[in-house]
Amino acid sequence: MNSNFIQSMKDSMRKNLQVSIILAALVVIMAVAGIITPRFLTVNHLIGILYLNSMLGILALSQTLVILSGGIDMSVGAIYWLVVMIGAQLMGDGALWGPILICLAIGTAIGFINGFCIARLKIPYVVMTLAMMIIITGILYVATGGGGGGKSAEELTQFSIARIMKSSQKGGFNGLPVRTLLWIGFVIVFGFILNRTSFGWKIRSLGSNCESSRLSGIRIERVQILTYTLSGILAVIAGLLYLGQARTPYPTFQSGAGVGANLTLQTIAAVVIGGTMFSGGIGGAGKTMLGVIVTSVLYSVLGMIGLHEEWQVMLNGVIILVIVGAYSRMETNN
């Protein structure tokens, strides 16, 4: 039997097994949650979880692009919070599109700088993006003193909290959140890009084997720069959606770890649970969405039983170690 066919069958089985594991974990977590609180399994509550975690979903999508390319972006949470704080200041007088364009320009510039320094200056991606997170944290400390100010434009708030198909009956269906539908739309678009376009295949090729990609004629520096730039843009969109929800936000500075550090860890945990590995090349937008849903439900359960945020931070680390170990073993066995 053709060796390529056998390898293709093995890859297909591995992918299906990963999805099966994710779905099984989701069923178990939801079953436990349903036992603890029967209301947990209602449609309104489950959609509410997706609504609250739509920003995490978009951030995890940005992290997916970078990890697929063989890198990692430790600065996405910091970009997110930088946009939230700058956007709130700029929208204080009710302006909308000007502040949005400025925030997009800032996120694009930060992503470009990350990509340029990694691709052209050969700074290791962990060092570069971690340094960027620290720089952004310092900027926010200097600019805000660790506090916050300003407010969201009313139009942004209305968009961020909007729902469609809402039932008019009391206690009925609460509707589909527009920002959750936006997240799903991004998953579909980037799923198509990653699976059906040359740029998507270049990202995967770069993550699988950088040197082979270079020898095959792929301009890897351009791909890296564009990937990190897209990551910055998606972080901006997530930040703006949160600003609309929060109206007047205050950033979280984690005991010297850097602003947005926990949020970044959550994106990594969600991406890893979805089966996108640090080795690069394998994974995708749809799987990351499943990973986000699993982590969101899990965090919701932890909150229900009274575990605070510091437990969630610890859990992120445990999840990353366990899942990477399990998937790596599957890779080795196959």
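Where in the structure is the place of Val-19?

A: Val-19 sits in helix H1, which covers residues 3-36. Helices here are DSSP runs of H or I with at least four residues, strands are E runs of at least two, and both are numbered from the N terminus. This is a predicted model, in which local features need pLDDT of at least 70 and side-chain atom pairs count only at pLDDT 80 or more, while totals for chains, interfaces and linings use all residues. Residues are numbered from 1 along each chain as its sequence is written, and side-chain values use heavy atoms, with hydrogens and water left out.

Val-19 is partly exposed, at 26% relative accessible area. Buried means under 20% relative accessible area, exposed over 50%, and partly exposed in between, with a 1.4 Å probe and protein chains only. Setting aside residues up to four places away in sequence, Val-19 touches Lys-287 and Leu-290. Contact means heavy atoms within 4.5 Å. Lys-287 lies 268 residues from Val-19 along the chain, yet their C-alpha atoms are separated by 7.5 Å.

Now the whole chain. It has 14 helices and four strands. Of its 334 residues, 49% count as buried. Take contacts between residues at least 6 apart in sequence: 77% of them join residues at least 24 apart. The accessible surface is about 15,400 Å², and carbon and sulfur atoms account for 67% of that. These areas come from the Shrake-Rupley method with a 1.4 Å probe; for residues, only the protein chains shown count as cover.

The largest nonpolar core has 87 residues. Such a core is a set of buried Ala, Val, Leu, Ile, Met, Phe, Trp, Tyr and Cys residues joined through side-chain atoms within 4.5 Å. Ile-58, Tyr-80, Met-91, Ile-136, Leu-234 and Leu-240 have the most contacts inside this core. Helix H11, residues 220-246, gives the most to this core, with 12 residues. Beyond its neighbours within four places in sequence, Ile-58 contacts Trp-183, Phe-186, Leu-234, Ile-237, Ala-238 and Leu-241.

Arg-247 follows H11 and has a positive phi, near 70°. Thr-227 is part of H11. Thr-227 is buried, at 1% relative accessible area. Its side chain reaches the backbone oxygen of Val-223 at 2.7 Å. Past its neighbours within four places in sequence, Thr-227 is in contact with Leu-65, Val-66, Ser-69, Phe-199 and Ile-203.

Helix H3 spans residues 54-68. H3 is largely enclosed by the rest of the structure, because 15 of its 15 residues are buried. Just after H3, Gly-70 takes a positive phi of about 95°.

Another threonine is Thr-180, in helix H8, residues 178-196. Thr-180 is buried, at 6%. The side chains of Thr-180 and Ser-54 make a polar contact at 2.8 Å. A polar contact is a pair of N or O atoms within 3.5 Å; within protein, one must be able to donate a hydrogen and the other to accept it, and residues adjacent in sequence count only if both atoms are side-chain atoms. Leaving out neighbours within four places in sequence, Thr-180 contacts Leu-50, Tyr-51 and Ser-54.

Helix H5 covers residues 97-119. Its buried residues include Pro-99, Cys-103, Gly-107 and Asn-114. Their cover includes helix H4 (76-90), helix H6 (125-144) and H11. Cys-103 has a relative accessible area of 1%. Cys-210, by contrast, is partly exposed at 34%. The structure holds zero disulfides, a disulfide being a pair of cysteine sulfur atoms within 2.5 Å.

Two loop residues close the tour. Lys-122 lies in the loop between H5 and H6. Its phi is positive, near 60°, and it is not a glycine. Lys-122 is partly exposed, at 48%. Met-165 is in the loop between strand E1 (163-164) and strand E2 (176-177). Met-165 has a positive phi of about 60°, though it is not a glycine. At 61% relative accessibility, Met-165 counts as exposed.

Definitions and conventions
Expected span 1.5 Å × (residues − 1).
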